[in-house]
Amino acid sequence: MIGLALEGGGVRGAYQAGAYMAFLECGIKIDGVCGTSIGALNGIIIASNKGELLPRIWRNSNMASIFGFSKEYVEAVNSKKVNLKNLKSIFLDLVKILINKGIELNGLKELIDKEVDIDELLKSDIDFGLVTVRLKDLKPVCLFKEEMNKDKIKDYVLASAFLPIFKMERLIDDNYYLDGGFYDIGPVNMLLKKGYKKVYLIKIHGLGIRRKYDSNADVTIIEPKRSLGGVLEVDPQRIDENIKMGYYDTLRILKNLDGYQYVFKRKSKKYYKWLNRKIPKYEYRRIKNFFKSKSYKETTIKALEYIMEKEQINYYQIYNSKKIIKKIKKDYQKNHFIYHYIKNLKYFF
């Protein structure tokens, strides 16, 4: 059985929407999904056989109102200009939060009601579990869907995402709950204990406790190599960026492609050594030490990515390393030792 563990991390959860699209494209069937916080929300949608809708949900939903912020507040925070109007918007939202003793969760409740179909979840052959923490005794609550009261499943999803900044509410059995990240931000162990033989963990670098799991277990980690922004950064452009990043990062892992921040078609170590055959040893050592790399392949790819970032080449494409070398040689002539190194790579006899 193949399991999917989804970390918590607020709005960074958009990354998991893109990641799941890569699983669908690669034809990898997920038998069970466990999530914490926003990972629980993404997870229950996947387990309800609606995972292909996740990018649409993330792009089309008003994430500002879902996380309890006014439109004016978000515009003010996202603005690069500091002026009286922006400061006033931020101040008024903060005063409202203080008066309410926390951020209202009406928007998150509405999203869960709209997108989560409990009957479909229970009929689905995809397993679903989540993590939350009961506040009164700080007891971790790790449950699968068959262990939850049907009428309380949505409340459990809300409980799993309940950060201390939210307005406290009694959710289940007249108890208060805390975000599952206070116990286990990436619930791999839930899946392993239930007998899953292969687990993919999608990390989004949220705040929380990361529990160790058996080092011999077959666990593949998928995580961003670039920043996903803040956990409450509700800018639509950032959300779209994170969806695309999740998709390409996951394709790199699932299809065994090359690259670190970009994605390249796979080539052998011998191929990259061959590219470096005319590079003087002292020059190669300099590049290798600069990137702290261990092989010709790693050194060459990191050098390519360095220039691609400098020249603001689009991240979201699967590149052919030979074509990128040709492009750099043709279009980017700069007096810099890394540019010089790429210029001297030989992809022809």
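What is the handedness of the crossing of α2 and α9? The legends below take up this crossing and other close-up views. This is a predicted model, in which local features need pLDDT of at least 70, side-chain atom pairs count only at pLDDT 80 or more, and totals for chains, interfaces and linings use all residues. Residues are numbered from 1 along each chain as its sequence is written, and side-chain values use heavy atoms, with hydrogens and water left out.

**View A. Helix α2 packs with helix α9.** The crossing of α2 and α9 is right-handed; that term applies if the near helix is turned clockwise from the far one by less than a right angle, and left-handed applies if anticlockwise. Helix α2 covers residues 38-47 and helix α9 covers residues 153-160. Helices are DSSP runs (H or I, at least four residues), numbered from the N terminus. The angle is about 145°, and the axes lie 7 Å apart. Axes are lines fitted to C-alpha atoms over the stretch in contact, and angles run from 0 to 180 degrees between N-to-C directions. A40, L41 and I44 of α2 meet I153, V157 and S160 of α9; contact means heavy atoms within 4.5 Å. By class, this contact has five nonpolar residues, one polar and no charged. Ala, Val, Leu, Ile, Met, Phe, Trp, Tyr, Cys and Pro count as nonpolar, Asp, Glu, Lys and Arg as charged, and the others, Gly among them, as polar.

**View B. Helix α1 crosses helix α11.** Residues 14-25 form α1, and residues 236-254 form α11. Their axes come within 6 Å and cross at roughly 40°. That makes α1 oblique to α11. Angles under 35 degrees count as roughly parallel, over 145 as roughly antiparallel, 65 to 115 as roughly perpendicular, and the rest as oblique. The α1 and α11 crossing is right-handed. Residues in contact include A14, Y15 and F23 in α1, and I239, Y247 and L254 in α11. By class, the contact of α1 with α11 has 13 nonpolar, four polar and two charged residues.

**View C. Helix α14 meets helix α15.** The axes of α14 (residues 296-310) and α15 (residues 321-331) come within 11 Å and cross at roughly 55°. That makes α14 oblique to α15. The crossing is left-handed. L304, I307 and M308 in α14 touch S321, I324, I325 and I328 in α15.

**View D. The largest pocket has a volume of about 240 Å³.** A pocket is an open set of points on a 1 Å grid over the protein atoms alone, with protein on both sides within 12 Å along at least five of seven lines; lining residues have an atom within 4 Å of a point. Grid points are joined across faces, edges and corners, and a volume is the space filled by probe spheres set on the points. Of the 15 lining residues, G9, L163, D179, L207 and V231 are closest to the pocket centre. The lining divides into seven nonpolar, seven polar and one charged.

**View E. The second largest cavity holds about 30 Å³ of space.** In a cavity, a 1.4 Å probe fits but cannot get out. The structure holds two cavities of 30 Å³ or more.

Note on methods
Helices (H or I, at least four residues) and strands (E, at least two) are DSSP runs, numbered from the N terminus.
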